[in-house]
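Dear colleague,

Please find below the structure that I am handing over to you. My notes on what was found in it follow directly after.

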Amino acid sequence: MAAQAPTMLAPTNDELLQAQADLWRHSLYFITSLCLQCVIKLGIPTAIHRAGGAESLPDLVTALSLQPSKLPFLRRLMRLLVHSGVFAADHTTDAGTYRLTPLSCLLVDGNDDGAAIVDGHPSQVTTVLAMGSRHCVEAAMGLADWIKKDSPSLLFKDVHGATPFDESMADLDPETHGLLNEGLSAHDGSGFAAVLRECREVFQGVESLTDCGGGDGATARTIVEAFPHIKCTVLDLPRVIGDKKTDGVVSYVAGDMLSFIPPAQAVMLKVVLHHWSDEDCVKILAQCKKAIPSREAGGKVIIINVVISSTSRPLLEAELLMDVGMILIGKGQQRDENEWCDLFEKAGFSDYKIVKKLGIRGIFEVYP
């Protein structure tokens, strides 16, 4: 006798009404993102900061030389962003005032004289503008067509014929190429001061460290400032290192981490591996293992990267959005702890621990 197909219970009227509201919310999420870009381009977070942290909407319109006729529309936009936690509002006066929240503190223009208002968290203006750039949005809009194709090409390249952070992108659109690189730098630089404060034990006792993908050496310099005894080397691609010279604080090596990593007691991969496929991650980790001494001699790899594990719904949603976002720009992905563990085992490491999780990023120590 054939098995009966399971029957689906019909949703209740209340469930359908809630589902309809949820559907509208999901379908219109892009409006929140575009409104966020709008207030950045108008300079509203920076203007509120310059005003001492609180400002009325009419005064903002005047300070930013906006059209008074657009004030009602701006008020509606700000109401949405207050609900989203971007700003806080005080409507005890007729005009009402808007204040910065921790989120909008990160949106104060990085070129403003008073922009360094959050220690260790550089302005994320370029990160937001890069993620919402026309090229990234168009890549997302091509997702369904790309999934249907039997093509080895990555999504962004399939849509635009270029690869982010590559010279092909510079040829396609130099302005967007610059914005993507600036956004990546701001994203990668955020939160490291918190790592040094909250996870000092990771760096205590380390005598030498190679920062893979360390760019201009800003992170390495921060480490040396906090731990002057550590000898830091930065490894990055020749086009990134350029003509940077060893200056007595940080040494620079131009190279490819897939092929060689300068030996050190510890190797650090800070927000690097999510850009790479599993296969390439194993190759990079294997090079890390070659570069460090035994565990008994203090050898370890320090990894700072997203770990998909949050029990908080907003944090988990951010982790999952970051994962799907990697589809848009390259071949990498965000990973849960089991997926990280699998990479470590395949690269020949014996053990690891998550020292702490700060926000959505985990701080790993991985041992040979």
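I begin with helix H16, whose buried residues are Asp-280, Cys-281, Val-282, Ile-284, Leu-285, Gln-287, Cys-288 and Ala-291. Please keep in mind throughout that this is a predicted model. Among the elements that cover these buried residues of H16 are strand E7 (266–270), strand E8 (300–306) and helix H18 (337–346). The helix itself runs over residues 278–291 and has 14 residues. From its first C-alpha to its last, H16 reaches 20 Å, close to the 20 Å expected at 1.5 Å a residue.

The loop between E7 and H16 holds His-274. An unreviewed UniProt entry gives this residue the annotation "active site". Is His-274 buried or exposed? Its relative accessible area is 4%, and buried means under 20%, so His-274 counts as buried. Which residues does His-274 touch, if those up to four places away in sequence are not counted? They are His-187, Asn-305, Met-326, Gly-332, Gln-333, Gln-334 and Arg-335.

Strand E3 covers residues 97–100 and has two faces: Tyr-98 and Leu-100 form the covered one, whereas Thr-97 and Arg-99 form the uncovered one. Strand E1 (residues 54–56) runs antiparallel to E3, and three bridges join the two. Within this pairing, Ala-54 has Arg-99 of E3 as its bridge partner. Strand E2 (residues 87–90) also pairs with E3 in the antiparallel sense, over four bridges. Here Phe-87 stands opposite Leu-100 of E3.

Finally, I describe the overall division of the chain. The protein is divided into domain 1 (31–112), domain 2 (129–186) and domain 3 (192–367). The centres of domain 1 and domain 2, taken over C-alpha atoms, are separated by 30 Å. The unreviewed UniProt entry also places a feature, "domain: O-methyltransferase C-terminal", at residues 143–350. Over those residues the chain is 46% helix and 13% strand, and the end C-alpha atoms are 39 Å apart.

Yours sincerely

Conventions:
Residues numbered from 1 in each chain as written. Predicted model: local features only at pLDDT ≥ 70, side-chain atom pairs only at ≥ 80, totals over all residues. Heavy atoms only, no water. UniProt positions renumbered as here; feature names shortened; annotations may be inferred. Domains from an automatic or database assignment. Expected span 1.5 Å × (residues − 1). Buried < 20%, exposed > 50% of the residue type's maximum accessible area, 1.4 Å probe, protein only. Contact = heavy atoms within 4.5 Å. Pairing = 2+ DSSP bridges.
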